[in-house]
Amino acid sequence: MTPLLRCGPLSAEDGEGRRLYSGVTVSLDEECLTVLEGPSGGGKSTLLRQIAGLAPSEGVTRELGGCRWGGKALPGWRSEVNLLMQDAPIIPESVLENLKFPYDLKSAGDRVFDSKKAGKLLDEVGLGSIALDRPASTLSGGERHRLAIVRALLWVPAVLLADEPLSGLDGPRASRCFDLLREHARRPGHAVLCVLHDPTMGRGADRRLCLESERLTVL
Amino acid sequence: MTDLIQLTPVDLLVATVLVLAAGVVSLAMRLDIEKRLALSAVRTVVQLGLVGLILERVFALRRPIVVLAILAVMILFAGREASNRSTRAYRGMRWDSLLAMGATCLVVGAVVTQVVVGVQPWYDPQYVIPLLGMILGNSLNGVSLCLERLLEYLSARRHEVELRLVFGATRSEALREPIRAAVRTGMIPVTNIMAAAGIVALPGMMTGQILAGAPPMQAVAYQIVIMFTLAAANAMGSMLIATAAARRLVAADGRLKIEQLR
């Protein structure tokens, strides 16, 4: 079966010049939640940022659904291969504006902000009681992570690269968010690559990868 | 201009007493700035003295090539100074600030000297050098503030910029807000000066002209021209430096090249 996403070869070093990994190619299958595990500082975030084209990556081939993307087309790639960033950053506006701003970009194309679906997803992650006009800067770390998950799921990217999306969430909420990511991944034409540190939750994934000792291996 | 009071070297010596008084205050209050004050005072005398000597020669020569050479030196120094003032740096910053200062000085300077004032001949040093000097001096402030703000934004609010990028923002979409914030900051000094002109203090050039015996309304007319010129110069300089810097720090494919920022 042809993978939905294929990206590589990827190599990276840390700030001190230590090699993190070399010649790694990431393949993600359709309708599949892949979990990426590995020791801290091993380059998992860098790998996701390289796939998204946010970290330097030379001579890399990026394929989605058999089509190649690169150069000036990378913004289009990012809108389909969406990165859920580790620190769940926000723009200094309201909660609603934080959900809506991507729809003002050219990359939105035919996408329209669905307020009904947004309300439903906010309810599901436990943010249903939050006022939408509240400044997003007043949200806690866990609330920001959940808001980021809702924004990403509303966007419906073909592939979602989630970098520790459950950090700062308590057990039941982390579990519900993980379920939502898995539901997204298992839809036809979609996939999710998720960095997790919780091995128990990781066992609920369809596939597990480990980035350790400069290599990416299937567990 | 016949009733102009001429300043003699003795008058300048008397004025030195004033700066000495400032030094005495520093010593009495242990401000520890007396050495800096003395050095600055000496630099003022030497630098302005040299400028005066050079200008007298240039005014007497009235040769276009000499005027252009002086302008080139002024632009070089202004470009260097604009990049030196920034606490952060990236490769090519000096070229960018030189380009911003040079283009602003030449375009806005050409409009004000050739179209508005209508200097005859076009290179008349008495008009061209002080006018372009004012443009450079003021846009230097705007350009350096704008550059500092942009680099600070891209560094401190990097994740906010990347948040737009991960949803497929193009380079220009991702840079819209940082550039807007930077240009706004670059424009603050000139808008402040324009708003307070004549209320808080008489602007320097107008004061100078009045002291030199020009009719107040004529000094006002010149000052208005200068203010509007400075507004245009600040806007253009800020926009140029912000765009040039932003394009160096964000690749065409939208990647924020933060590693280039030191």
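This is a predicted model: local features need pLDDT of at least 70, side-chain atom pairs count only at pLDDT 80 or more; totals for chains, interfaces and linings use all residues.
Two residues count as being in contact when heavy atoms of theirs lie within 4.5 Å.

**Where the chains meet**

The contact draws on 27 residues of chain A and 19 residues of chain B. On the chain A side, Leu54(A), Arg78(A) and Leu105(A) give up the most area to chain B, and together they make up 23% of what that side buries. How much area do chain A and chain B bury between them? The figure is about 2,100 Å², with 64% of it on carbon and sulfur atoms. Why quote an area at all? The size of an interface is often given as the accessible area lost when the parts come together.

Between chain A and chain B the count is one salt bridge. Its partners are Arg49(A) and Glu162(B), whose closest N and O atoms sit 2.7 Å apart.

Which elements of chain A each supply at least two residues to the side that touches chain B? They are helix H2, strand E6 and helix H5, listed here with their residue ranges.

| Element of chain A | Residues |
|---|---|
| Helix H2 | 74-80 |
| Strand E6 | 81-84 |
| Helix H5 | 141-155 |

H2(A) gives the most to that side, with four residues. Sorted by type, the chain A residues touching chain B come out as 15 nonpolar, five polar and seven charged.

**A residue in strand E6**

Now for a closer look at Val81(A), which belongs to strand E6 of chain A. Is Val81(A) buried or exposed? Val81(A) has a relative accessible area of 0%, so it counts as buried. Leaving aside residues up to four places away in sequence, Val81(A) touches Leu5(A), Ile51(A), Leu64(A), Val159(A) and Leu161(A). Arg176(A), on the other hand, is 95 residues from Val81(A) in sequence and 22 Å from it in space, C-alpha to C-alpha.

**A hairpin in chain A**

Further along chain A, strand E9 (residues 207-212) and strand E10 (residues 215-218) run antiparallel and are joined by four bridges. Within this pairing, Leu211(A) stands opposite Leu216(A) in E10(A). E9(A) and E10(A) make a hairpin, and two residues lie between them. What is the phi of Ser213(A) in the turn? Ser213(A) has a positive phi of about 50°.

Note on methods:
Residues are numbered from 1 along each chain as its sequence is written. Chains are lettered from A and ligands numbered from 1 in the order in which they are written. Side-chain values use heavy atoms; hydrogens and water are left out. Buried area is the accessible area (1.4 Å probe) that two parts lose on being put together, summed over both. A salt bridge is a side-chain nitrogen of Lys or Arg within 4 Å of a carboxyl oxygen of Asp or Glu. Ala, Val, Leu, Ile, Met, Phe, Trp, Tyr, Cys and Pro count as nonpolar, Asp, Glu, Lys and Arg as charged, and the others, Gly among them, as polar. Two strands pair if DSSP finds at least two bridges between them. Buried means under 20% relative accessible area, exposed over 50%, partly exposed in between (1.4 Å probe, protein chains only).
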